[in-house]
Amino acid sequence: MGFVGKPLELPFDPIDRAARIWEARFGPSPSMAAVTSIMRAQQILLGELDALLRPYGLTFARYEALVLLTFSRRGALPLGMIGERLMVHPTSVTNIIGRLERQGLVVRHPNPADGRGRLAEVTPEGRDLVERATRDLMAAEFGFAGYEPGQLKEIFDLLRDLRLSNGDFVSEHPAATEKD
């Protein structure tokens, strides 16, 4: 995983050091160390992905919105659904779609199914840009080069359980009931 910007190159792991100090002062530190590591990993990955997308005039948030629109059957979705699927606030959706619209990658128009609502629709230019940007992200393995597929699945599964327990979605596989 590359670091965007100037690497810190510290002679020690600051999160590990903080965990040891935490343990001495407050008690067990695995949760603090894990969340701090996740937050730092998010910073690193977002920086790397945004750097890969910068030549396309995109941030990762705008890229995600374009991909979502290209995944839809008609290439268009209501703004509210975009926010729900991307798990972001409606204000963020409006900002993201507005920027994509100014770039000519998305157009907004009234939602025929809802007189007050708006649809965002990906343009042919937006579809082309998604294809090109996705090739670069795939080549960089989305910032996870060097990890084996099994490790990536383990990361996904661990974080999926956190998301499930916090209500992001309802499990498709409810707990199996014990049979007599």
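The following legends describe close-up views of a predicted model.

Residues are numbered from 1 along each chain as its sequence is written, and side-chain values use heavy atoms, with hydrogens and water left out.

**View A. Confidence along the chain.** The mean pLDDT of the protein is 91, and 93% of its residues reach 70 or more; pLDDT is the predictor's confidence in each residue, from 0 to 100. Helices (H or I, at least four residues) and strands (E, at least two) are DSSP runs, numbered from the N terminus. Over residues 176–180 pLDDT stays under 50, and the model has zero contacts there beyond four places in sequence, a contact being heavy atoms within 4.5 Å. Where pLDDT is low, the predicted coordinates should not be read in detail.

View B. A pocket, on a 1 Å grid over the protein atoms alone, is an open set of points where a 1.4 Å probe fits, with protein on both sides within 12 Å along at least five of seven lines; lining residues have an atom within 4 Å of a point. Of the 38 lining residues, Gln 42, Leu 45, Phe 60, Phe 144 and Leu 159 are the closest to the centre. Helices H2 (30–53), H3 (60–71), H4 (79–86), H5 (90–102) and H7 each give two or more residues to the lining, and H2 gives the largest share, nine residues. The lining divides into 27 nonpolar, five polar and six charged residues. Here Ala, Val, Leu, Ile, Met, Phe, Trp, Tyr, Cys and Pro count as nonpolar, Asp, Glu, Lys and Arg as charged, and the others, Gly among them, as polar.

View C. Phe 60 is found in helix H3 and counts as buried because its relative accessibility is 16%. Buried means under 20% relative accessible area, exposed over 50%, and partly exposed in between (1.4 Å probe, protein chains only). Beyond four places in sequence, Phe 60 touches Leu 46, Leu 49, Asp 50, Leu 53 and Phe 142. Asp 50 is ten residues from Phe 60 in sequence and 5.6 Å away, C-alpha to C-alpha.

**View D. The largest nonpolar core.** The core has 27 residues, and those with the most contacts inside it are Leu 58, Tyr 63, Leu 66, Ile 82, Ile 97 and Leu 100. Such a core is a set of buried Ala, Val, Leu, Ile, Met, Phe, Trp, Tyr and Cys residues joined through side-chain atoms within 4.5 Å. H3 gives the most to this core, with seven residues. Partners of Leu 66 beyond four places in sequence include Leu 58, Leu 100 and Val 130.

View E. Most residues other than glycine have a negative phi. Glu 141, however, has a positive phi of about 50°, and the phi of Phe 142 is near 50°. Glu 141 counts as partly exposed at 40% relative accessibility, and Phe 142 as partly exposed at 28%.

Key. Predicted model: local features only at pLDDT ≥ 70, side-chain atom pairs only at ≥ 80, totals over all residues.
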